[in-house]
Amino acid sequence: MVSTYRYSVMSEIAEKNFQVPNLTRGLQILEYLRHCDEPVSMSALARELDYPLNSVMRIMKALDHYGYVQRAVGSKSYEMSDKLMHLARSQASQKNLFEASMGAMRQIRDHVGETVVLSIVSEGEGLILEQVQGLHAFRFVCEPGTRQMIHSSASTKAILAFRKEHEVDELLQRIDYPKLTEQTILSAEAMKRELEQVREQGYALDRAEALEGVNCVAVPIMDSSREARAAITVTGPANRLKLDQLDEVGEMMKVVCSQVSENLGYL
């Protein structure tokens, strides 16, 4: 274990007026634990870092709650978890997803003329990461960061259809199913039937289920885990992206998106 650890750089930062003391202490605790070869007790942390024990206890409980540290088995001492490593990997992974998807999104947009978006499922909702705007004067703008309801989005259907069944079942049982249009899916049982159809055909449809007069087609993006990591979706007004065209668009998108999945390691 590290016996003495001083943070010259961190101490200089801590002296600046804009610092939040407990945040700084939390970061310094993580820095300390990163250099330790074995778990450390809270009293040892307080002694080594010259912090009040009560402050260390509150910070460690918060770090433990959010999964950044963990109790050693059979001990009251703590060590770093692998959450920060997973966050770093996720950031790199997300960058690879963008790089792999943008060319396909532009190709689909040029073919269909409508707005194309890249989405994931995060914290029980759909989340738009990026868009390629359509070519028409009137087109949909889907800003990155926009959230989508699980039960009414083609993209979330496309992703969930190719995720672990028990995880999807748990999610479907705990979400709400508000009625947004006359076509909205209103129960977990109906969603399960819809996801089975998505698995069979390889793409998902939104037939004006989230917004009247708006249709969508989504195709999953798979990776080396053989699960859907994201979805690419075409969205457009029903008078242009017509119901009788959705299957044709879906089949075209499957061909284009298969290369994206292969680039992410899907075989």
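This is a predicted model: local features need pLDDT of at least 70, side-chain atom pairs count only at pLDDT 80 or more; totals for chains, interfaces and linings use all residues.
## Ground rules

Local features here need pLDDT of at least 70 and side-chain atom pairs need pLDDT 80 or more, while totals for chains, interfaces and linings use all residues. Numbering starts from 1 along each chain as its sequence is written, and side-chain values use heavy atoms, with hydrogens and water left out.

## The sheet

Let's start with the open sheet: 6 strands in the order E5-E4-E3-E8-E7-E6, with antiparallel pairing. Strands (E, at least two residues) and helices (H or I, at least four) are DSSP runs numbered from the N terminus, and two strands pair if DSSP finds at least two bridges between them. At the edges sit E5 (147-148) and E6 (204-207), each pairing on one side only.

E6 is joined to E7 (residues 214-222) by 4 bridges, and the two run antiparallel. Across that pair, Leu205 stands opposite Val217 in E7.

## Gln148 on strand E5

Over on E5 we find Gln148. Is Gln148 buried or exposed? Gln148 is buried, at 19% relative accessible area (buried is under 20%, exposed over 50%, partly exposed in between, with a 1.4 Å probe and protein chains only).

## Two loop residues

Most residues other than glycine have a negative phi. Glu123, in the loop between E3 (115-122) and E4 (125-132), has a positive phi of about 55 degrees. Ala208, in the loop between E6 and E7, also has a positive phi, near 55 degrees. Glu123 is exposed at 73% relative accessibility, whereas Ala208 is buried at 10%.
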